[in-house]
Amino acid sequence: MDNLARLLKESWTLVEDDRVRLGGHFYARLFLLDPALRQLFPVQMTGQGDRILEAIIAAIHTVDDPESFDEYLRALGRDHRKYHVDERHYETMGTALLDALRSIAGDGWNLEYDQAWREAYAAIAALMVAGAGADDDPPFWHAEVLTHERYGPDTAVLTCRALQHPLRWQAGQYVSLEAPRYHPRVWRNYSVANAPNDDNVLEFHVRSPGAGWLSGALVRRVRPGDLLRLAAPMGSMTLDRASERDILCVAGGVGLAPIKALVEELATFNRTRWVHVFYGARQAADLYGLAALQELVAVHPWLSVTPACSEDPDFDGEQGDIPDVVARYGPWTTHDCYVSGAARMVRSTLRVLAADDVPPPRIRYDTFGDL
């Protein structure tokens with residue numbers, strides 16, 4: 001396995017700086033091999049069409065951690081049922097992937113690399129097929145939007161109820177979401193912002209500063225009564241209930257969503273662990289969830305919340321980027337740590353925690369961009 005991982009990562013350096021061409025070649029070859037597959041993807045592929053390719057690449061980077069590799073791929077297979085991907089499609093995708101890698105890598109590609117990717121992809125496909133086949137849940141859930149509240153021009157908090165079938169998730173996880181009325185076959189991951197409940201109601205926090213495909217629709221167009229689709233929950237940023245360590249939570253912007261869910265779950269059983277939440281944004285107006293957090297602080301003496309703004313000199317609180325604020329309050333060596341936000345913010349926070357010698361197994365995060 002060590003040699004396989006070495007070959008995969010070594011060969012990846014030949015193409016990683018040209019991912020746009022790699023994705024273009026992959027999909028061109030995929031649709032040439034099986035034109036019927038095109039209808040499984042959105043009309044506009046930009047920003048959405050490379051989801052499957054990105055998932056394969058993410059899997060390759062966990063190949064030297066067998067437990068994570070297995071767990072990730074089985075979950076990914078369950079999740080990809082929402083695309084109507086079935087077992088016969090995996091061989092076609094593997095052929096297209098190898099063809100794209102050979103083409104983009106050029107003269108640096110060799111037979112060892114080729115065999116390593118064949119072996120790895122065979123393992124990926126087998127685990128994804130097994131994961132899909134072992135799940136009795138539907139490929140996706142229909143959900144009705146119940147409430148929709150705007151916070152400024154770019155942010156919205158909405159709730160929806162999963163219909164027909166119970167949707168089981170853990171605090172800290174995320175789901176893929178589609179708004180078929182506005183952008184059919186466009187899926188994007190969003191963290192669930194509340195702990196599980198008997199009413200099958202999920203809360204989402206969405207920010208879309210630009211035009212944005214799905215996020216733009218969720219912020220500016222979706223209304224109560226609209227129907228969404230939700231795929232199976234994923235992610236490992238969940239509580240370790242067996243731990244007795246205190247907890248650090250770091251949230252940037254709408255990265256507050258899974259942190260809020262974790263705090264809500266802790267409120268149902270925690271009595272002994274101190275929980276420190278650091279919540280950052282650029283401007284005070286962007287701290288849309290602060291009032292709700294402060295209400296929780298008033299009820300739970302083990303909870304503290306430290307807000308910070310990076311570009312608002314008039315804010316009556318901590319100033320600076322949230323990773324720098326966290327560093328000022330450290331060290332966090334003895335804590336379980338949860339980090340959620342944009343990829344750059346997560347990267348910076350991980351560096352702060354590494355400097356505090358926090359053991360990596362005690363740090364949990366999910367990010368929907370490259371680290």
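Me: Why is N200 called buried?

Reply: The relative accessible area of N200 is 12%, and buried means under 20%, exposed over 50% and partly exposed in between (1.4 Å probe, protein chains only), so N200 counts as buried. This is a predicted model, in which local features need pLDDT of at least 70, side-chain atom pairs count only at pLDDT 80 or more, and totals for chains, interfaces and linings use all residues.

Me: Where does N200 lie, and what is its phi?

Reply: N200 sits in the loop between β4 and β5, where strands (E, at least two residues) and helices (H or I, at least four) are DSSP runs numbered from the N terminus. The phi of N200 is near 65°, which is positive although the residue is not glycine. Most residues other than glycine have a negative phi. R185, in the loop between β3 and β4, also has a positive phi, of about 70°, without being a glycine.

Me: How do you know whether R185 is buried, partly exposed or exposed?

Reply: The relative accessibility of R185 is 31%, which lies in the intermediate range, so R185 is partly exposed. P361, in the loop between α11 (343-355) and β12 (363-365), has a value of 70% and is therefore classed as exposed.

Me: What makes β4 and β5 edge strands?

Reply: Two strands pair if DSSP finds at least two bridges between them, and the open sheet of 6 strands has the order β4-β3-β6-β1-β2-β5 with antiparallel pairing. Because β4 (188-191) and β5 (201-207) each have a single partner strand, one side of each is left without a neighbour in the sheet. From one strand to the next the twist averages 40°, as an angle from 0 to 180 degrees between N-to-C directions of axes, which are lines fitted to C-alpha atoms, for helices over the stretch in contact.

Me: Why are α2 and α5 called oblique?

Reply: The axes of α2 (residues 19-33) and α5 (residues 87-105) come within 8 Å and cross at roughly 140°. Angles under 35 degrees count as roughly parallel, over 145 as roughly antiparallel, 65 to 115 as roughly perpendicular and the rest as oblique, so α2 and α5 belong to the oblique class.

Me: What makes F26 and Y27 an edge-to-face pair?

Reply: Rings of Phe, Tyr and Trp (its six-membered ring) pair if their centres lie within 6.5 Å, with planes under 30 degrees apart counted as stacked, over 60 as edge-to-face and the rest as tilted. By this rule there are 8 aromatic pairs. In one of them, the ring centres of F26 and Y27 are 4.7 Å apart and their planes stand at 80°, so the pair is edge-to-face. Both residues are buried, F26 with a relative accessible area of 0% and Y27 with 6%, and ring pairs link F26, Y27 and F31 into a cluster.

How values were computed: Residues are numbered from 1 along each chain as its sequence is written. Side-chain values use heavy atoms; hydrogens and water are left out.
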